[in-house]
Amino acid sequence: MPTFGSFALLLALALSAYTLLAGGVALRQIATGGRGRVAPERLAETARRAGIGTFIATSAAAFALVWCAFTNDFSVAYILHHSNRALPGPYKFAALWSGQEGSLLLWAWLLAAYGFVLRVRHKVDVKLTAYASTILGGIQVFFLLLLNFAAMPFSLVRGAVPADGFGLNPLLQYPEMVIHPPMLYLGYVGFAVPFAFALGALMMRYPGEKWIHITRRWTMVTWLFLTCGIFLGMHWAYSVLGWGGYWGWDPVENASLMPWLTGTAFLHSVMMQEKRGMMKSWNVWLIFSTFMLAIFGTLLTRSGLVSSVHAFAQSPIGNWFWVFLVIVFAVCLFTYILQRDHLKAENKIESLVSRESSFLFNNLVLLAACFTVLWGTLFPILSEYVVGNKVTVSAPFYNRVAVPIGLFLLFLTAIGPLLAWRSSSFRSIRKNFVVPLIAAAVTGVVVIACGVHPWDIFTTTHQGSFYAFVAYCLGALVVTAVGSEFLRGAKVISRNTGKNLLASVVQLTRRNTRRYGGYIVHFGVVVIIIGFSGQAFNQTQEQELALHQSIHIGPYKVECEGYSQDTNPNYDTEYALLNVYKDGQLVTKMAPERRFYNASQQPLTVVSNHSTPAWDLYVIYAGKNPDTGQPIVRVFLNPLVMWIWIGVAIVVFGTGLALVPNLSAALAASRVRVPAQAVALTAQGDD
Amino acid sequence: MRGPGPTGRAIAKVTLIALALGMIAALSMGVSDSGTRFNDLGNKLMCTCGCGQVLLQCNHLGCPALARETAELHADIAAGMSNNAILIAFQNEYGPTVLAAPMLTKFNMIAWIVPPLLLGLGILGTVLLVRRWRQRAAAMPPVQQSAEIRALRDQVRRETEL
């Protein structure tokens, strides 16, 4: 099977190189009117089919690696290092992406899969798809070169083959790790498609904005995957890492956030190009940057450039990524310089107080956030280079610099929908803003009455209360603004059709799914931010617990009912059994545990979490006192965390809704059954 | 479009100034409070065991560095040292990477200044650019529009609105 896998990778490389070269030659001939021995159209078609073949060959290679994992083929070095006999089946499957070589194979396979869909649907626009297919072929060549010559997943073990593997990193043996990396990679890789379309459209001086319509769904689906990937990663970190948080501003986390920020900016600003022919250069560079940041993120994770909790080991493939990144940038810059006159805006912004301006500022703030993350991630390297001292840039930096930028973005999210296109009169601003501002003020008063003291920022080093207060007020502003948009439209429909308000809201949403789906996404973002804000009020306690001894935290009493240990072929376990009481009533039983994996000889904390809308009671088994044998338990009370996951579900729903065609378009597209008599009449008429 | 009157402009200015002051306050405020000092400082220091995590977030079971550093932190607070003095003491003992964020000194100042500065410059540049576009548009002769064309434009705007 390793030989089959290696052959499949070589074949995939040959096919993708053909896609790039033949596609490039054909497109060049079509552009210049030149002809070779084969007609350019036929040559382009062979390139397209080779691209489809790349998918089949890459799939075969991925299958071969998974097969090796399931059959415990430890002659393959990758399987030896990332699997073992006792590893449960789903994690053997996940071994495909748990190491450097396997995850690069996943990258290449997903890219080939995206390319497959694109090439199969080439009739949407044959010429533009041919350009995009050729560009994707170029990206594919890079990843297959890596897999064939720098990070080979089918390398064989030298000497005697061990009887068992070293096992999968225990941190990765968690259900979400089966789905989080593929989601994240679907997001990373997916941005290659709008990138290829944008670059292709620029190369061929594609008339109009149709390429944006073609790529809109690609971009949204990709953005959705990346969003899900990031939040699944957060949930995994929260559930597995056992430090009570979900985002540590780790360089690898930052690497996933950067393309998400620019991708979000692109999703917003592209509307300006569609509707008003503005910001064309900006959009092109946004999608270029998003793709380059996805590659840069992969580089960060794999090169050892920055130290990170969950980066792959330092390896020489970083140089390959640097070269690729430089080539991509050079191609983008060169194409832009050649074709920039094609990107002249058809309109200019007419007023600072307009919907267009709000989009522009929204983009600016998203880019500032992206720059802040990039700056914080790379500053240690800059510092070492300039002053010879490596410094750490972690959560305190981002909390001070990035959080205010995020709150400013929330403010723009609130005011954007309230502004008219082109320009807003002062009267309309006053009319639209009164209710949201009152809602924000009332929220502020309620929040203070509930015990949040924003003025703590003046008396302590805690900014949390202040940020949380601002977030709640701005959240109310956004929700009221979004609500009033729904209400205003629904009232008109209700007046005209006599439907009730709820039915009118549904009809309104179906008429313009993109707009109202977008508003639902904004609402989801507010819910997520409310969840984040709870972090300002986290509490924690740690204590060694004897039998029936308890810890008090918030409204809970956590009492030790017992502690013991257990074993199975994969790991040994130590755990504590805890009874949780609230107001004297037993609420739940919890069993935080510590595992020690036999194959990898690594420990893992398994968190026990009792989640409610108000807070999470998050308990970890911190260790055992060697003198008494009693468990040491760390308890966290994390407010509002559940709202983060609810918010994500709302975002997913909103994005899904925005992907559904509008009601009118759907009606136009649906077939209408024609009565047989009418058909017969038409036939007679034709005669 | 009918622009805001003097009162409106004044309100807009006050709002903008309040926002700017709020952001500055958020970025710069904060003095020490003995009640939460351990948590505050513990979240400003890194664990030195090599896990790359903030001290109070280190999840390594039985981490020796965590125990040693937290003990030192407790001792320093009990000794009445100021927050700054404690951070400097840790920096001297473990090197600059023990601080979770660079201190406001010399070159490290750049880390803190550059992002808000660039955002400020970006906003300023955008405002100036839009004003320039507006002035250019104002310099062009106004297009004579009949009531029919205005109605048509309004319809187009309504139908193309997002």
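Which residue in β4(A) is the bridge partner of Ser564(A)? The partner is Tyr575(A). The structure is a predicted model, in which local features need pLDDT of at least 70, side-chain atom pairs count only at pLDDT 80 or more, and totals for chains, interfaces and linings use all residues. Residues are numbered from 1 along each chain as its sequence is written, while chains are lettered from A and ligands numbered from 1 in the order in which they are written. The predictor assigns the complex an ipTM of 0.76 and a pTM of 0.85.

**Strands of chain A**

- Helices (H or I, at least four residues) and strands (E, at least two) are DSSP runs, numbered from the N terminus.
- Two strands pair if DSSP finds at least two bridges between them.
- Strand β3 (residues 556-567) of chain A pairs with strand β4 (residues 571-582) of chain A in the antiparallel sense, over 11 bridges, and a hairpin of 3 residues joins β3(A) to β4(A).
- β4(A) also pairs with strand β5 (residues 585-590) of chain A, antiparallel over 5 bridges, with Leu578(A) facing its bridge partner Met590(A) in β5(A).
- The hairpin of β4(A) and β5(A) has 2 residues between the strands, and Asp583(A) takes a positive phi near 50° there.
- Strand β6 (residues 593-597) of chain A is antiparallel to β4(A) over 5 bridges, and Phe596(A) in β6(A) stands opposite Asp572(A).

**Positive phi in two loops**

- Arg205(A), in the loop between α8 (192-203) and α9 (210-241) of chain A, has a positive phi of about 50° although it is not a glycine.
- Leu640(A), in the loop between β10 (631-639) and α20 (641-659) of chain A, is not a glycine either, yet has a positive phi of about 65°.
- A residue is buried if 20 or more other C-beta atoms lie within 10 Å of its own, exposed if 12 or fewer, and partly exposed in between, with C-beta atoms placed from the backbone.
- Arg205(A) is exposed because it has 12 other C-beta atoms within 10 Å.
- Leu640(A) counts as buried because it has 22 C-beta neighbours inside 10 Å.

**Nonpolar core**

- A nonpolar core is a set of buried Ala, Val, Leu, Ile, Met, Phe, Trp, Tyr and Cys residues joined through C-beta atoms within 7 Å.
- The largest such core has 251 residues, and Leu111(A), Ala192(A) and Leu474(A) have the most contacts inside it.
- The largest share of this core comes from α9(A), with 17 residues.
- Two residues are in contact if their C-beta atoms, placed from the backbone, lie within 7 Å.
- Leaving aside neighbours within four places in sequence, Ala192(A) is in contact with residues including Leu111(A), Tyr114(A) and Phe291(A).

**Chain B**

- Chain B has 6 helices and 0 strands.
- Of its 162 residues, 21% count as buried.
- pLDDT is the predictor's confidence in each residue, from 0 to 100.
- The mean pLDDT of chain B is 74, and 65% of its residues reach 70 or more.
- Among the elements of chain B, helix α4 (residues 83-94) of chain B has the highest mean pLDDT (88) and helix α1 (residues 6-28) of chain B the lowest (56).
- Over residues 26-35 of chain B, pLDDT stays under 50, and the model has 21 contacts beyond four places in sequence for them.
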